Amino acid sequence: MEDTIKRPQFGNRLLENVDEVFKHNAWDNVQWDANQEKAAAEKVERNSEVTFSEDHLKDLEENADKHWDAFYNIHQNRFFKDRHWLFTEFPELAPDYTAAPVRVFPDSESSQLSTINVKNEEKENQHVKNSKRFIFEIGCGVGNTIFPILQYSQDPSLFIYGCDFSSKAIEIMKQNELYDTKRCEVFVLDATSNDWQVPFSENSLDIIVLIFVLSAIEPSKMINVIQHIHKYLRPGGLVVFRDYGRYDLAQLRFKKGRCISDNFYARGDKTMVYFFTQEEISKLFINAGFIEEQNLIDRRLQVNRGKMLTMYRVWIQAKYRKPL
Ligand SMILES: C[S@@+](CC[C@H](N)C(=O)[O-])C[C@H]1O[C@@H](n2cnc3c(N)ncnc32)[C@H](O)[C@@H]1O
């Protein structure tokens, strides 16, 4: 408890006076008024006309892994930044690392959520003390989540698996000097496939990580991925999820002609992206048999003070537990 008080907090910089917007680089939990919501809905309506040909759509879907290979061929491991916020949002990933800022939730649900979380952390800690701990990241890319966990956690009983359907990403990750086969193993897997070939058994994983990956998957295939996740998590195991929310800046920026289906788009490099609502995420996981522990919308206002620009980001963050 004392430790919590001393640690810096994150999530509580609130913009109370709009005249102060350019005083900081970012503001938390920004409220949208009805006009802003309406303007966003209109932008999406305008960019949602589907103009791709059948052949083009087939290529996007059937060669999705090749398009990500091409992405990693160009960007190597320079595109995604290491996700050091991970330990603020998901302290479960490295319970022994206690220096990360503590997340505070401004809304009233927070106290309820933290009670659930404290109880589950106690259960988790009990489990951690007793055995080896397995984390599996789906869509691990070049390791921007796995490497920080390996760096920040010194837990000798931790082992991390990761998969990606881009063989290029896996190749780049394995060449990284931080790739330590005693502590992790990554492999090529298309998470939408019906028959997962994986080096672990059903009901065995403690945590499955989904960070900006479900959004890259065609909506009709998402349920299959969630069902597999349920199968491989141990009873009591946890999914941690963070991804794009509806009306995020990235959605509003799409020009007409990039829409595949409602709220699902192809970028110029042919990688695909979906923008979720909280309800859609709830439905996907609860229908697959999970218990919801967290499902929040993280609305951040990022500010470019040099160019006097404001950028409204929307992310969905959630945690789901497989019942004991
Ligand atoms: C936006 S990137 C995020 C990468 C990483 N999770 C991170 O946060 O840095 C999405 C990743 O998901 C992978 N991906 C997309 N669809 C996939 C699928 N069906 N199976 C496995 N990986 C997939 C892509 O290759 C890409 O590496």
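Predicted model: local features only at pLDDT ≥ 70, side-chain atom pairs only at ≥ 80, totals over all residues.

**The ligand and its surroundings**

The ligand is surrounded by 22 residues, and the closest are Trp68, Gly139, Gly141, Phe165 and Ala191. By class, the shell comprises 13 nonpolar, 6 polar and 3 charged residues.

**Helices H4 and H8**

Next, select helix H4 (residues 64-75) together with helix H8 (residues 167-175). Their axes lie 7 Å apart, and the two helices pack at an angle of about 35°. To display the contact, show Trp68, Asp69, Tyr72 and Asn73 of H4, which meet Ser167, Lys168, Ala169 and Ile172 of H8. The contact of H4 with H8 is made up of 4 nonpolar, 2 polar and 2 charged residues.

**Helix H9 and its cover**

Now move to helix H9 (residues 222-232), where the buried residues are Met222, Val225, Ile226, His228, Ile229, His230 and Tyr232.

Finally, select the open sheet of 3 strands, whose order is S9-S10-S11 and whose pairing is antiparallel. Strands S9 (259-261) and S11 (272-274) are at the edges with a single partner strand each, so one side of each has no neighbour in the sheet. On average, neighbouring strands of this sheet are turned by 30° against each other, direction ignored. S9 pairs with strand S10 (residues 264-266) in the antiparallel sense over 2 bridges. Select Cys259 to find its bridge partner in S10, Tyr265.

Technical notes:
Residues numbered from 1 in each chain as written. Pairing = 2+ DSSP bridges. Helix = DSSP H or I, 4+ residues; strand = E, 2+ residues; numbered from the N terminus. Axes fitted to C-alpha atoms, helices over the stretch in contact; angles between N-to-C directions. Near = placed C-beta within 6 Å. Nonpolar A, V, L, I, M, F, W, Y, C, P; charged D, E, K, R; others polar. Buried ≥ 20, exposed ≤ 12 C-beta atoms within 10 Å, placed from the backbone. Contact = placed C-beta atoms within 7 Å.
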